[in-house]
Amino acid sequence: MEAETRRLIGLGAVEVSRWLECRVLRAPGGHLMCVLPVESDAAVFEAEAKIWP
């Protein structure tokens, strides 16, 4: 969570808020995105996870 949040901030995102383990960031283009802890099976996550960029 922390490493991914730092990575996205390094790409230009700004942290907007935190709730429990979730992080809400604003991308340089203005849209909001959430960084959430992985809860799914590792194989499913690897196959379907989306990353920016």
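A contact means heavy atoms within 4.5 Å. This is a predicted model, in which local features need pLDDT of at least 70, side-chain atom pairs count only at pLDDT 80 or more, and totals for chains, interfaces and linings use all residues. Residues are numbered from 1 along each chain as its sequence is written, and side-chain values use heavy atoms, with hydrogens and water left out. By the contact rule, Thr-5 touches Glu-15, Arg-23, Leu-25 and Val-35, not counting residues up to four places away in sequence.

**Overall layout**

- The protein chain has 2 helices and 3 strands; helices (H or I, at least four residues) and strands (E, at least two) are DSSP runs, numbered from the N terminus.
- Read from the N terminus, the order of elements is α-β-β-β-α.
- A box of roughly 30 × 25 × 20 Å, taken along the principal axes, is filled by the C-alpha atoms of the protein chain.
- Among contacts between residues at least 6 apart in sequence, 24% join residues at least 24 apart.

**Surface and charge**

- Of the 53 residues in the protein chain, 17% count as buried; buried means under 20% relative accessible area, exposed over 50%, and partly exposed in between (1.4 Å probe, protein chains only).
- The protein chain exposes about 4,100 Å², and carbon and sulfur atoms supply 61% of that area; accessible areas come from the Shrake-Rupley method with a 1.4 Å probe, and for residues only the protein chains shown count as cover.
- The protein chain has 6 positive and 8 negative charges, and their mean positions are 9 Å apart.
- For this count, Lys and Arg are positive and Asp and Glu negative, while His and the chain ends are not counted; the place of a charge is NZ of Lys, CZ of Arg, CG of Asp or CD of Glu.

**Two positions along the chain**

- Thr-5 sits in helix α1 (residues 2-10).
- Thr-5 counts as buried because its relative accessible area is 2%.
- Leu-11 belongs to the loop between α1 and β1 (14-19).
- With a relative accessible area of 39%, Leu-11 is partly exposed.
- Leu-11 and Pro-28 are 17 residues apart in sequence, and their C-alpha atoms are 8.4 Å apart in space.

**Salt bridges**

- The count of salt bridges is 4; a salt bridge is a side-chain nitrogen of Lys or Arg within 4 Å of a carboxyl oxygen of Asp or Glu.
- One of them joins the side chains of Glu-2 and Arg-23, at 2.8 Å from N to O.
- That pair links distant parts of the chain, since Glu-2 is in helix α1 and Arg-23 in strand β2 (residues 22-26), 21 residues apart.
- Glu-2 is partly exposed at 33% relative accessibility, whereas Arg-23 is buried at 7%.
- Another salt bridge joins the side chains of Glu-4 and Arg-7, at 2.9 Å from N to O.
- Glu-4 and Arg-7 both lie in helix α1, 3 residues apart, which is about one turn of the helix.
- Both are partly exposed: Glu-4 has a relative accessible area of 29% and Arg-7 one of 31%.
- The side chains of Glu-15 and Arg-18 also meet in a salt bridge, at 2.5 Å from N to O.
- Glu-15 is partly exposed at 28% relative accessible area, and Arg-18 is partly exposed at 47%.
- Salt bridges that share partners join Glu-2, Glu-15, Arg-18 and Arg-23 into one network.
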